[in-house]
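Here is a short briefing on one protein chain. Keep the sequence and the 3D view open while you read.

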Amino acid sequence: MANKSRARPKPSKLGVYFYIPNIIGYMRVLMNCYAFAICFSNKWLFCALYFISFVCDGIDGWCARKFNQVSTFGAVLDMVTDRISTACLLVILSQVYRPGLTFVSLLALDIASHWLQMYSTFLVGKASHKDVKDSTNWLFKAYYGNRMFMAYCCVACEVLYIALFLLAEKETENLMDVLTASIKEGSLISVLVALSLFGWAIKQIVNIIQILLNPLPHMESFTILWLKTAADACVLYDINKEKR
């Protein structure tokens with residue numbers, strides 16, 4: 001009884017909405033809305049606001065753990081904000097660079113990999129899509145198992161996109177020409193591009209792994225000749241449901 005009396009009271013619905021990390025999340029949404037509204041009129045301010053919003057993604061996670069205010073709503077708000085902001089930036093890059101299909105493909109890969117990974121995670125009963133202890137893929141485990149490495153790849157990806165946006169001086173730039181010229185120039189932006197390319201490449205490989213090479217636990221009753229995928233989770237879930 002004593003333990004129950006000392007138990008933390010359940011927060012109200014309004015209380016969860018006003019968790020500190022969730023308030024930071026709302027600020028991120030407003031910041032991104034304003035940033036994209038002025039992206040062509042003030043490129044440097046846009047990049048500053050976009051990157052600050054990205055940094056706040058880590059800050060709200062720290063606040064959630066520090067103040068014991070972890071919530072599913074906050075996690076969903078974070079992921080939706082991340083995906084939409086990155087998607088908007090990739091759409092803008094597809095308009096200022098040729099071939100634009102490069103950035104549209106990256107957008108499709110980003111959304112597909114995260115959606116399938118999240119959905120398959122819920123189907124197999126895991127608490128987080130970052131729980132990959134059952135994975136047999138070393139890169140997948142290294143990415144999600146090392147927070148510093150994952151943070152570097154995520155930061156590198158966003159920095160590369162921001163740098164490319166700053167490098168575009170006019171519409172319909174040729175992507176390879178801009179990259180080659182920037183690296184030869186040796187400016188600060190070109191250095192950021194060079195340093196971020198490795199982390200960006202790792203993140204894209206991990207995105208592909210999330211779609212094609214995502215091993216699933218608790219599937220011993222099935223014989224799968226090829227590598228299991230996040231899409232398999234949906235199919236196997238339906239099979240299990242029919243057998244019940």
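The points below go from the whole chain to single residues.

This is a predicted model, in which local features need pLDDT of at least 70, side-chain atom pairs count only at pLDDT 80 or more, and totals for chains, interfaces and linings use all residues. Residues are numbered from 1 along each chain as its sequence is written, and side-chain values use heavy atoms, with hydrogens and water left out.

**Overall make-up**

- The protein has 11 helices and 2 strands. Helices (H or I, at least four residues) and strands (E, at least two) are DSSP runs, numbered from the N terminus.
- Along the sequence the pattern reads α-α-α-α-α-β-α-α-α-β-α-α-α.
- The chain has 244 residues, and 44% of them count as buried. Buried means under 20% relative accessible area, exposed over 50%, and partly exposed in between (1.4 Å probe, protein chains only).
- The accessible surface is about 14,400 Å², and 68% of it belongs to carbon and sulfur atoms. Areas come from the Shrake-Rupley method with a 1.4 Å probe; for residues, only the protein chains shown count as cover.
- Take the contacts between residues at least 6 apart in sequence: 68% join residues at least 24 apart. Contact means heavy atoms within 4.5 Å.

- Helix 7 spans residues 138-145, and its buried residues include Leu139, Phe140, Tyr143 and Tyr144. These residues sit on the same side of helix 7 because they cover an arc of only 115° around the axis. The arc is that of the directions from the helix axis to the C-beta atoms.
- Trp138 and Gly145 are exposed, on the face of helix 7 turned away from its buried side.
- Helix 8 covers residues 147-167; its axis and that of helix 7 come within 5 Å and cross at roughly 90°. Helix 7 is therefore roughly perpendicular to helix 8. From helix 7, the contact uses Ala142, Tyr143, Tyr144 and Gly145; from helix 8, Arg147, Phe149, Met150, Cys153 and Cys154. By class, these contact residues are 7 nonpolar, 1 polar and 1 charged.
- Axes are lines fitted to C-alpha atoms, for helices over the stretch in contact, with angles from 0 to 180 degrees between N-to-C directions. Angles under 35 degrees count as roughly parallel, over 145 as roughly antiparallel, 65 to 115 as roughly perpendicular and the rest as oblique.
- Ala, Val, Leu, Ile, Met, Phe, Trp, Tyr, Cys and Pro count as nonpolar; Asp, Glu, Lys and Arg as charged; the others, Gly among them, as polar.

**Residues in helices**

- Asn22 belongs to helix 3 (residues 20-37). Asn22 is buried, at 2% relative accessible area. Leaving out residues up to four places away in sequence, Asn22 touches Val16, Tyr17, Ser71, Phe73, Gly74 and Leu77.
- Thr72 is in helix 5 (residues 72-96) and is exposed, at 65%. Its C-alpha atom is 9.7 Å from that of Val16, 56 residues apart along the chain.
- Ser113 is in helix 6 (residues 101-123) and is buried, at 0% relative accessibility. Beyond neighbours within four places in sequence, Ser113 contacts Asn207, Gln210 and Ile211. Ser113 and Ile208 are 95 residues apart in sequence, yet 6.8 Å apart C-alpha to C-alpha.

**Backbone details in loops**

- Arg98 and Pro99 are joined by a cis peptide bond, with omega about 5°. Pro99 lies in the loop between strand 1 (97-98) and helix 6.
- Asn68 has a positive phi, near 55°, and is not a glycine. Asn68 lies in the loop between helix 4 (43-66) and helix 5. Asn68 is partly exposed, at 48% relative accessibility.
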